Amino acid sequence: MAAAARTRVAHLLRHLQSTACQCPTHSHTYSQAPGTSPLGKTDYAFEMAVSNLRYGAGVTKEVGMDLQNMGAKNVCLMTDKNLSQLPPVQIVMDSLSKNGISFQVYDDVRVEPTDGSFMDAIEFAKKGGFDAYVAVGGGSTMDTCKAANLYASSPHSEFLDYVNAPIGKGKPVTVPLKPLIAVPTTSGTGSETTGVAIFDYEHMKVKTGIASRAIKPTLGLVDPLHTLHMPCRVVANSGFDVLCHALESYTAIPYSMRSPCPSNPIQRPAYQGSNPISDIWAVHALRIVAKYLKRAVKNPDDLEARSSMHLASAFAGIGFGNAGVHLCHGMSYPISGLVKTYKAKEYNVDHPLVPHGLSVVLTSPAVFTFTAQMFPERHLETAEILGADIRTARTQDAGPVLADTLRKFLFDLNVDDGLAALGYSKDDIPSLVKGTLPQKFPVRWYKTIPKGPLMLFPAAKHHRFLLLCRIQHILS
């Protein structure tokens, strides 16, 4: 029974990893060029890619000198309406002015961007003829700026050309982009380290993304002083994203189990599975979260805690940016995309909003109860990092131990109690499942699932039934 359960988990995780639309912003390949033909059944190599990072209190004031060193003459500064009135943006503008850099401000970034908001920013970038970009804000701002830089550098491309397949064409980026400096003001997405731009595709009501090593920021300026301006609930929800980035990348399918092995290195996905280097960053980020997240939420003036979480965000970004994530993120997109009336506390927005970190972490106890069957030792290790006493725990108890540890962690941080608290009911399960399921079902994936009670269902129905059980568990 245990072996059969591990096999089911392994196949589901591998399926999520290999299907672009299951978790369209985290499970895609960076290069989706056709013609992949395996050299062997599984891969034998992994590689690391990350933006240049500079960390330090007050480091933002160097941005003008950096742009001057790059030879920039006409810069686009992107942010959102709220941040445009706060010190981080003012510091950037002062630095640009001091160093004689001409710039224009775009402050219409939408929190949780859509294809429409992306295209507005792209149009601004095309008209501006900029030779460099600065993004000041959270993941929404950094991702919007990445997209604007890409399409302004490729002005004849259609919007869906670079969007991940199957929603878009998933074309590889071959045009040179302008320098982009990212100044993160939240501690969650790690977008300053990755080549990902996430958005809601409104026509289909799904979350997807653009992904390419080419759109990674040239430089990330990680300035912990900016975290002092974050409201407590924003700190919490951003921290949950760090938590799940670390947990998911550490418990992802190992790179050596991913298939097919690419015939050309350009076809090797950046999110290639857990690996020895990503593991180091993921575990270190998790230790920081365990030590500092509660402090950072409860005391806005705790510079040590908020600074540490700012670093943890970048560390986890390096980890998941090269390993990938799995079910928590895969299930989060319909949770945020199908939101009805819920508005998160302390978010100054004019539309219903489930913050990304919240949508990810709510499923985590149920998800890791399930995935622990595959890598119980790693699940117990992470539970211990988060405070569990595992001295008498058995490997078969790894899932419940980690799940209970996560529930306590979330309870201590006053997290909404399940999807019902966000306005969902059991009537919404079909829509949530539909939003989570991949649009393609590789038959070979299901053929290898061991026989058992769940195999009473045909292939696609088996996958749907499995997710149905997970979501029912989360709602109950």
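Which residues have the most contacts inside the largest nonpolar core? Hold that for a moment while I cover the ground rules.

This is a predicted model, where local features need pLDDT of at least 70, side-chain atom pairs count only at pLDDT 80 or more, and totals for chains, interfaces and linings use all residues. Residues are numbered from 1 along each chain as its sequence is written, and side-chain values use heavy atoms, with hydrogens and water left out.

Back to the core. It has 63 residues, and those with the most contacts inside it are Phe 240, Leu 243, Leu 293, Met 309 and Leu 422. By nonpolar core I mean a set of buried Ala, Val, Leu, Ile, Met, Phe, Trp, Tyr and Cys residues joined through side-chain atoms within 4.5 Å. Buried is under 20% relative accessible area, exposed is over 50%, and partly exposed is in between, with a 1.4 Å probe and protein chains only. Two or more residues each come from helices H6 (232-250), H7 (276-298), H8 (303-323), H9 (327-337), H10 (356-361), H11 (364-371), H12 (376-385) and H13 (398-412). Helices and strands here are DSSP runs, numbered from the N terminus: H or I of at least four residues, E of at least two.

Take Phe 240. Beyond its neighbours within four places in sequence, Phe 240 contacts Leu 293, Gly 357, Val 361, Leu 410, Leu 413 and Val 415. Contact means heavy atoms within 4.5 Å. A second, separate core has 19 residues, including Val 63, Leu 77, Ala 132 and Leu 219.

Now the sheet. Six strands form an open sheet with parallel pairing, in the order S1-S8-S5-S4-S2-S3. S1 (52-55) and S3 (102-106) are at the edges with a single partner strand each, so one side of each has no neighbour in the sheet. Strand to strand, the twist averages 20°. Pairing takes at least two DSSP bridges between two strands. S4 (residues 132-137) and S5 (residues 180-184) pair in the parallel sense over five bridges. Ala 135 stands opposite Ala 182 in S5.

Two helices pack on this sheet. H2 (residues 63-70) touches S1, S2 (74-78), S4, S5 and S8 (219-222), and its direction makes about 170° with that of S5. H5 (residues 139-153) touches S2, S4 and S5, at about 165° to the direction of S4. Axes are lines fitted to C-alpha atoms, for helices over the stretch in contact, and angles run from 0 to 180 degrees between N-to-C directions.

Stay in S2 for Cys 76. Cys 76 has a relative accessible area of 0%, so it counts as buried. Cys 76 and Gln 104 are 28 residues apart in sequence, yet 5.2 Å apart C-alpha to C-alpha. Among the residues that Cys 76 touches are Phe 124, Phe 130 and Tyr 133.

That brings us to rings. The whole structure holds ten aromatic pairs. Rings of Phe, Tyr and Trp (its six-membered ring) pair if their centres lie within 6.5 Å; planes under 30 degrees apart are stacked, over 60 edge-to-face, the rest tilted. Phe 130 and Tyr 133 are edge-to-face, at 5.9 Å centre to centre and 70° between the planes. Both are buried.

Trp 281 and Phe 315 have centres 5.2 Å apart and planes at 45°, so that pair is tilted. Trp 281 is in H7 and Phe 315 in H8, so the pair ties together parts 34 residues apart in sequence. Trp 281 is partly exposed, at 28% relative accessible area; Phe 315 is buried, at 14%.
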